[in-house]
Amino acid sequence: MNDEHTAARLRAALVERLWVTGSVRTESVADAMSWVPREVFTPGAGSLARAYEDRVVVLSTDERGLPDSTVSQPAMVALMLEQLAVRPGMRVLEIGTGSGYNAALLARLTGPEGEVVSVEVSAELAVAAARRLARLGTRVDVRTGDGWVGVADRAPFDRIEATVGVPDLPPAWVEQLAPDGVLVAPMWLRPGLELAVAWRRGTGGMLVSTSVARCGFLQLRGPHAGPGRTHALTGDLAVIGEDLPPAALDVLRGLLDHGAVDAGPVLGPVDVRLTGFALAEPRSVLFLGHPGDGMTWGLFDPERPALAVLMQDRILVYGDRDAAVDLYYGVAGAPVVNADRLRLEAIPVAPGLPDSADTPNAPDAPDAPDAGGRTWTVEREHYRYRLTET
Ligand SMILES: C[S@@+](CC[C@H](N)C(=O)[O-])C[C@H]1O[C@@H](n2cnc3c(N)ncnc32)[C@H](O)[C@@H]1O
């Protein structure tokens with residue numbers, strides 16, 4: 001059997017699996033994924049078989065050796081295309097061209113009457129992607145630039161898909177979205193909570209979600225990236241947190257240097273409560289690597305200063321011991337939140353906009369359960385995000 005046949009067989013098997021697992025839900029997405037040869041876009045995969053595993057393939061790395069571009073996991077690619085609901089003839093903007101694989105899928109979905117513009121911050125990656133796309137005979141307008149500003153000269157777009165994570169919606173994307181358009185973006189909301197959200201316009205400058213799924217993406221690069229969410233501490237240890245300026249990180253390093261006291265057991269099981277805890281507690285942090293190997297949740301308060309971390313079924317506390325009490329009750333009292341069942345609203349923050357001041361409750365506190373389920377608020381520069389359990 002030659003490579004082309006093997007690739008076709010592997011591609012069909014992958015699409016079949018994605019149907020079964022529910023990532024592929026429509027004939028159009030199945031057709032696109034059955035048509036685009038992923039091996040063309042995954043030079044780092046090493047073999048045909050690996051190109052068709054349901055895995056991320058690293059495309060390039062930064063000076064620290066960490067991935068700065070990847071070809072996303074096929075299940076995630078399919079899921080976001082389903083959220084996007086592209087139809088033939090549409091005009092689509094993709095942010096984060098990477099390898100060009102998803103752009104090729106978008107081109108297949110929009111068909112000969114459609115239009116795909118894709119923007120990539122790395123000139124090198126953009127050139128390589130444009131070359132692969134041209135070799136396949138796929139019409140995609142690949143631009144080099146900061147996707148934060150969108151592509152104004154080709155707007156409006158029926159669909160906008162970001163394949164790179166953002167902590168806030170860039171106003172340019174919203175401006176460049178057609179009135180009845182759909183915008184899909186991986187939104188980083190809290191440590192351990194990144195959601196692929198499909199947005200449509202609501203009233204008064206608001207956006208409302210039409211579907212939500214858990215995801216994990218590289219973060220937007222460049223001047224609009226905002227404060228990094230993952231910070232190196234010492235050795236292999238890194239921390240993810242909401243608002244961790246350098247001074248707070250120094251406090252955290254100091255606490256870790258002083259060692260911890262065992263503050264007793266937690267009220268288990270805690271795993272299912274961590275999303276609810278992170279949503280309600282802006283001081284929540286997530287450690288990668290030691291302490292605890294793997295991922296360790298905690299509560300860090302630079303003012304006290306104090307850090308309490310969950311270590312399996314116990315709480316360790318560094319500094320002010322009251323942090324252990326906050327962590328204990330924060331986790332024990334947190335609701336079990338099913339991220340797929342969250343409904344999000346993005347309310348513009350700019351002064352004078354009609355919806356900007358209508359959230360009566362304090363930011364980040366669970367609101368009164370008036371509209372059905374519980375609600376939480378996450379504040380960002382351009383939008384305030386209200387999450388409601390449905
Ligand atoms: C997960 S990869 C995208 C995968 C890609 N869609 C594919 O099919 O291969 C994220 C990409 O976003 C790019 N990126 C990061 N920041 C960006 C920015 N500000 N503007 C445009 N692209 C950006 C990265 O260089 C990386 O190639």
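How many of the residues in strand S19 (residues 383-389) are buried? Select 383-389 and take a look: seven of its seven residues are buried, so call the strand mostly covered. Buried here means under 20% relative accessible area, with exposed over 50% and partly exposed in between (1.4 Å probe, protein chains only). Helices (H or I, at least four residues) and strands (E, at least two) are DSSP runs, numbered from the N terminus.

Before you go on, bear in mind that this is a predicted model: local features need pLDDT of at least 70 and side-chain atom pairs count only at pLDDT 80 or more, while totals for chains, interfaces and linings use all residues. Residues are numbered from 1 along each chain as its sequence is written, and side-chain values use heavy atoms, leaving out hydrogens and water.

Now show the S19 side chains. Tyr383, Tyr385, Leu387 and Glu389 lie on one side, Arg384, Arg386 and Thr388 on the other, and both faces are covered.

Strand S17 (residues 342-348) runs antiparallel to S19 over seven bridges. Click on proline 348 and you'll find its bridge partner in S19, tyrosine 383. Then bring in strand S18 (residues 375-379), antiparallel to S19 over five bridges. Here threonine 375 stands opposite threonine 388. With three residues between them, S18 and S19 make a hairpin.

Last stop: helix H6 (residues 101-110). Nine of its ten residues are buried, so the rest of the structure largely encloses it. Among them are Tyr101, Asn102, Leu105 and Thr110. Step just past H6 to glycine 111, which has a positive phi of about 75°.

Key: Pairing = 2+ DSSP bridges.
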